[in-house]
2 protein chains.
Amino acid sequence: MEELLAKKTGNKIKTFRTIQSEVESNYHVALSVDCVIFGFDENKLKVLLIRSDIKNYEGQWSLLGDLVLPEENLDKAAYRILKERTGLSDVFMEQVHTFGDVNRHPASRVVTVAYCSLINIQHHKLKILDNELHWHDVESVTEMAFDHKKIFDTSLCQLQKRVKEHPLGFSLLPNKFSLRELQNLYEAILNTKLDRRNFRKKFFSMDFLIDLEEIEKDVPHRPGKLYKFDYAKFDRSPKKWAGIAF
Amino acid sequence: MEELLAKKTGNKIKTFRTIQSEVESNYHVALSVDCVIFGFDENKLKVLLIRSDIKNYEGQWSLLGDLVLPEENLDKAAYRILKERTGLSDVFMEQVHTFGDVNRHPASRVVTVAYCSLINIQHHKLKILDNELHWHDVESVTEMAFDHKKIFDTSLCQLQKRVKEHPLGFSLLPNKFSLRELQNLYEAILNTKLDRRNFRKKFFSMDFLIDLEEIEKDVPHRPGKLYKFDYAKFDRSPKKWAGIAF
DNA sequence: TTTAAATTGTGTAATAAATACACATTCTTT
DNA sequence: AAAGAATGTGTATTTATTACACAATTTAAA
């Protein structure tokens with residue numbers, strides 16, 4: 001193995017040059033991916049957590065994560081974890097931040113790359129029978145294992161920001177949704193109340209909603225119309241998302 | 001060493017459990033930090049690059065990076081690199097993204113965390129005599145070593161976005177600056193032309209600029225007034241940055 | 001010393017976007 | 001048949017964005 005990686009040689013700083021023994025003994029870390037998987041159900045934003053089986057954090061909730069495999073890209077690892085846990089593969093997924101504090105894992109140094117994912121909770125409802133996995137209300141998440149609360153908070157903040165810039169929210173909804181459901185979703189994500197008329201005006205003026213000429217069923221009040229998001233039109237559109245400034 | 005990290009046991013997926021031998025042999029990677037250091041000089045946005053001394057990329061330009069030390073947090077590593085190269089320590093620095101494609105480094109798997117930094121180029125002009133280090137015009141950066149072009153592009157995009165949301169730009173300017181310099185900076189970062197009167201109106205209405213009652217010197221035309229950014233007022237302000245939508 | 005060149009400093013009118021706000025309608029439940 | 005609950009709709013006000021022109025100041029050149 002030739003000169004590789006990085007090392008300081010005397011006073012002169014060289015780029016990416018070191019010797020094999022250093023690499024093996026000191027400069028390598030374990031690398032994991034943790035997924036913050038969001039869902040939306042009963043008008044609440046949810047996050048999918050698993051009970052930790054690590055000694056120090058036994059019984060506490062943690063994010064879904066795993067070590068990155070030797071021949072696996074980071075995004076691939078994130079999709080693998082999601083697939084294993086939910087069975088879903090064609091969903092929104094995005095890298096959020098990397099957490100690498102020296103003592104974040106009790107056993108050894110583990111650097112973790114956090115990913116945020118948005119899924120339609122109905123699509124995989126059946127797989128969460130396992131009592132180690134649970135959908136938690138986002139607003140009632142408090143203590144978590146490791147530094148996962150910090151990772152979760154960071155992801156939620158980023159979601160709140162991103163959802164104003166891009167039409168991400170639809171990934172969390174059923175294919176057919178009412179405007180009330182859409183507004184409830186935005187209110188849940190942004191943790192705020194929105195004016196109903198202005199919300200509707202805004203979404204209709206963007207013109208990416210297709211009226212399905214159907215109405216809700218089984219609601220104890222006047223049913224609303226159902227819509228779907230026009231992904232094809234969105235993809236063609238040059239200006240894309242106008243931005244949502246509530 | 002107890003059960004640690006992550007492993008699949010049969011069909012059941014466990015969280016963070018594995019055995020020592022796996023950790024050492026397969027699941028560890030080299031971890032580096034790469035800094036995209038931006039500066040502003042002669043009305044152009046610049047990036048600080050170093051000539052690569054790696055065999056495959058010899059002579060090509062690369063970002064300033066180094067392996068993360070065993071007992072070093074990621075942010076610390078980024079600040080260390082910046083300090084070593086520029087002598088500056090109290091500057092804007094922010095994690096951008098992590099790049100971990102399997103073959104991004106020719107020698108072995110090296111996952112790198114990219115950081116973006118904004119510095120006042122005047123403050124360390126003297127240290128860049130070394131001909132391996134060079135300030136490049138951002139718009140003329142083309143080929144780079146490794147996947148550094150991709151890292152650079154990602155960082156520049158993020159900078160363009162962040163500078164509209166937060167008052168970052170001032171880190172790139174001298175303490176005293178004219179409004180023309182400020183506008184030139186924004187035009188350089190955003191790669192666009194802005195209306196001078198609207199730009200001034202916008203910044204004055206934010207009310208974070210302190211009029212220093214001084215004027216520029218040595219300009220071949222009517223000199224402009226000098227200002228500084230009121231960081232104290234900004235920190236106290238509840239609404240912070242109004243957002244710049246050009 | 002006069003003139004040309006360059007850039008600063010300033011305000012208003014027009015357009016677009018965000019906000020606040022109320023009532024009739026439709027469907028379900030009792 | 002009446003009460004409850006949520007849908008569907010429009011306008012007026014305020015705020016932000018954009019487009020745009022001319023006099024004043026300084027330096028450099030004639």
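Analyst: Happy to! This is a predicted model, in which local features need pLDDT of at least 70, side-chain atom pairs count only at pLDDT 80 or more, and totals for chains, interfaces and linings use all residues. Residues are numbered from 1 along each chain as its sequence is written, while chains are lettered from A and ligands numbered from 1 in the order in which they are written.

User: Let's start with the DNA. Which residues come nearest to DNA strand D?
Analyst: Arg180(A), Arg197(A), His221(A), Lys225(A) and Arg222(B) come nearest, out of 19 residues around DNA strand D. A residue is near a strand if its C-beta atom, placed from the backbone, lies within 6 Å of it.

User: And which are the closest to DNA strand C?
Analyst: Of the 18 residues that surround DNA strand C, the closest are Arg222(A), Arg180(B), Arg197(B), His221(B) and Lys225(B).

User: What classes of residue make up those surfaces?
Analyst: The surface near DNA strand D has nine charged, five polar and five nonpolar residues.

User: Which helices supply at least two residues near DNA strand D?
Analyst: Helix H4 (179-190) and H5 of chain A, together with H5 of chain B, each do that. The largest share, three residues, comes from H5(A). Near DNA strand C, helix H5 (196-206) of chain A and helices H4 (179-190) and H5 (196-206) of chain B each supply at least two residues. Helices (H or I, at least four residues) and strands (E, at least two) are DSSP runs, numbered from the N terminus.

User: Switching to sheets: what is the strand order in the three-stranded open sheet of chain A?
Analyst: The order is E10-E12-E11, with antiparallel pairing. Strands E10 (177-178) and E11 (209-215) of chain A are the edge strands, each pairing on one side only. Two strands pair if DSSP finds at least two bridges between them, and E11(A) pairs with strand E12 (residues 225-229) of chain A over four bridges. In E12(A), Phe229(A) is the bridge partner of Leu209(A).

User: Nice. Is E8 of chain B enclosed or open, and why?
Analyst: Strand E8 (residues 110-118) of chain B is largely enclosed by the rest of the structure, because nine of its nine residues are buried. Buried means that 20 or more other C-beta atoms lie within 10 Å of a residue's own (exposed is 12 or fewer, partly exposed in between), with C-beta atoms placed from the backbone.

User: What does E8(B) pair with?
Analyst: Strand E3 (residues 28-41) of chain B runs parallel to E8(B), with nine bridges, and Asp34(B) stands opposite Ala114(B). Strand E7 (residues 92-99) of chain B is antiparallel to E8(B) and joined by seven bridges, with Thr98(B) opposite Val113(B).

User: Last one: which residues touch the most other members of the largest nonpolar core?
Analyst: Cys35, Val36 and Ala78 of both chains A and B, plus Tyr115(B), in a core of 114 residues. A nonpolar core is a set of buried Ala, Val, Leu, Ile, Met, Phe, Trp, Tyr and Cys residues joined through C-beta atoms within 7 Å. Beyond its neighbours within four places in sequence, Val36(A) is in contact with residues including Val47(A), Leu63(A) and Ile151(A), where contact means C-beta atoms, placed from the backbone, within 7 Å.

Conventions:
Two residues are in contact if their C-beta atoms, placed from the backbone, lie within 7 Å. Ala, Val, Leu, Ile, Met, Phe, Trp, Tyr, Cys and Pro count as nonpolar, Asp, Glu, Lys and Arg as charged, and the others, Gly among them, as polar.
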